[in-house]
Amino acid sequence: MTVASTLLIYATALPLWIFVWWTASGFELSRENRTLWFPFLLCLMFLLINALLVFFFGGIGEAEYEESRFVFIGERAMVTVQATASVLIVATIVYGLSIKRVPVHFIRFMVYAFIAILGLMAPIVWVPIEAPEMFFLLRHLQTIALTYGLFLCVAGIIILLKDLLTHGDARLDLPAYSMTSTESHSTEGSSTSSR
């Protein structure tokens with residue numbers, strides 16, 4: 001029964017991913033940036049692989065084994081959150097100093113990624129130790145949320161990189177250290193000394 005429920009969750013997760021991608025304007029953006037097909041299709045592929053693994057090898061372990069799998073998911077989630085946060089920080093600095101406007105689609109994908117990882121993965125569900133099948137079910141729910149978040153983050157990074165390449169001629173605006181301000185100070189100094 002638990003394996004069938006898990007397969008039903010994956011069967012729901014596949015079309016739900018298509019809906020999430022559509023609401024994030026993924027299909028529309030994929031017309032201009034074909035690289036965005038990679039995170040979309042890879043997410044579907046990993047969800048399908050996990051569903052097939054559950055179907056063929058869907059044995060439920062002891063409660064201790066099932067509980068130990070959450071450490072693995074948590075470590076992956078931490079790497080994804082750190083990568084997403086780092087990208088957001090770098091984007092804020094680069095865009096704040098040069099282009100002045102962060103792409104809206106990048107922000108949308110990052111928000112969706114954080115919702116998937118922090119909103120769907122991070123909340124705690126206290127599963128009774130006597131119910132390893134609930135650990136099994138929860139583990140796959142969190143795997144789906146992590147997979148969504150990971151590939152939404154990848155899509156956001158692709159959008160950011162394309163936008164940075166489009167604005168490749170943008171220069172960092174650091175007036176205190178720019179060459180023109182240094183030259184003007186030296187010109188003013190030389191004209192004052194000549195008087």
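These notebook entries record what I looked up in a predicted model of one protein chain.

**Conventions**

I worked from a predicted model, in which local features need pLDDT of at least 70 and side-chain atom pairs count only at pLDDT 80 or more, while totals for chains, interfaces and linings use all residues. Residues are numbered from 1 along each chain as its sequence is written, and side-chain values use heavy atoms, with hydrogens and water left out.

**Entry 1: overall content**

I began with the secondary structure, taking helices (H or I, at least four residues) and strands (E, at least two) as DSSP runs numbered from the N terminus. The protein chain comes to 7 helices and 0 strands. Read from the N terminus, the order of elements is α-α-α-α-α-α-α.

I then looked up burial, where buried means under 20% relative accessible area, exposed over 50%, and partly exposed in between (1.4 Å probe, protein chains only). Of the 195 residues of the protein chain, 36% count as buried.

For contacts I used heavy atoms within 4.5 Å. Among contacts in the protein chain with a separation of 6 or more, 83% come from residues 24 or more positions apart.

**Entry 2: α1 against α3**

I next asked how the axes of α1 and α3 cross. Axes here are lines fitted to C-alpha atoms, for helices over the stretch in contact, and angles run from 0 to 180 degrees between N-to-C directions. The axes of helix α1 (residues 2-23) and helix α3 (residues 37-57) come within 9 Å and cross at roughly 175°. The two helices α1 and α3 are therefore roughly antiparallel to each other; the classes are roughly parallel under 35 degrees, roughly antiparallel over 145, roughly perpendicular from 65 to 115, and oblique for the rest.

On the α1 side, I noted that the contact is made by Val3, Thr6, Leu7, Tyr10, Ala13, Leu14, Trp17, Ile18 and Trp21. On the α3 side, the residues are Pro39, Phe40, Cys43, Leu44, Leu47, Leu48, Asn50, Ala51, Val54 and Phe55. I sorted the residues of this contact into 17 nonpolar, 2 polar and no charged. In that sorting Ala, Val, Leu, Ile, Met, Phe, Trp, Tyr, Cys and Pro count as nonpolar, Asp, Glu, Lys and Arg as charged, and the others, Gly among them, as polar.

**Entry 3: threonine 6**

I followed threonine 6, which lies in helix α1. Threonine 6 counts as buried, at 0% relative accessibility. Not counting residues up to four places away in sequence, threonine 6 touches Val54, Phe136, Leu137 and His140.

Glutamine 142 is found in helix α6 (residues 132-166) and is buried, with a relative accessible area of 10%. Leaving aside neighbours within four places in sequence, glutamine 142 is in contact with Phe70, Ile73, Met121 and Pro123.

**Entry 4: α5**

I compared the span of helix α5 (residues 104-121) with expectation, the expected span being 1.5 Å times one less than the number of residues. Helix α5 has 18 residues and reaches 25 Å from its first C-alpha to its last, close to the expected 26 Å. The buried residues I listed in α5 are Phe106, Phe109, Met110, Ala113, Ala116, Ile117 and Met121.

**Entry 5: cysteines**

How many disulfides are there? I counted 0 disulfides, a disulfide being a pair of cysteine sulfur atoms within 2.5 Å. Cysteine 43 is buried, with a relative accessible area of 0%, and cysteine 153 counts as buried at 4%.

Methionine 1 is found in the segment before α1; methionine 1 is exposed, with a relative accessible area of 84%. The C-alpha atoms of methionine 1 and glutamate 133 are separated by 9.3 Å, although the two residues are 132 residues apart along the chain.

Glutamate 64, in helix α4 (residues 63-99), is exposed at 53% relative accessible area. Glutamate 64 and isoleucine 129 are 8.1 Å apart, C-alpha to C-alpha, and 65 residues apart in sequence.

Last, I noted that serine 25 has a positive phi of about 65° although serine 25 is not a glycine. Serine 25 counts as buried at 14% relative accessibility.
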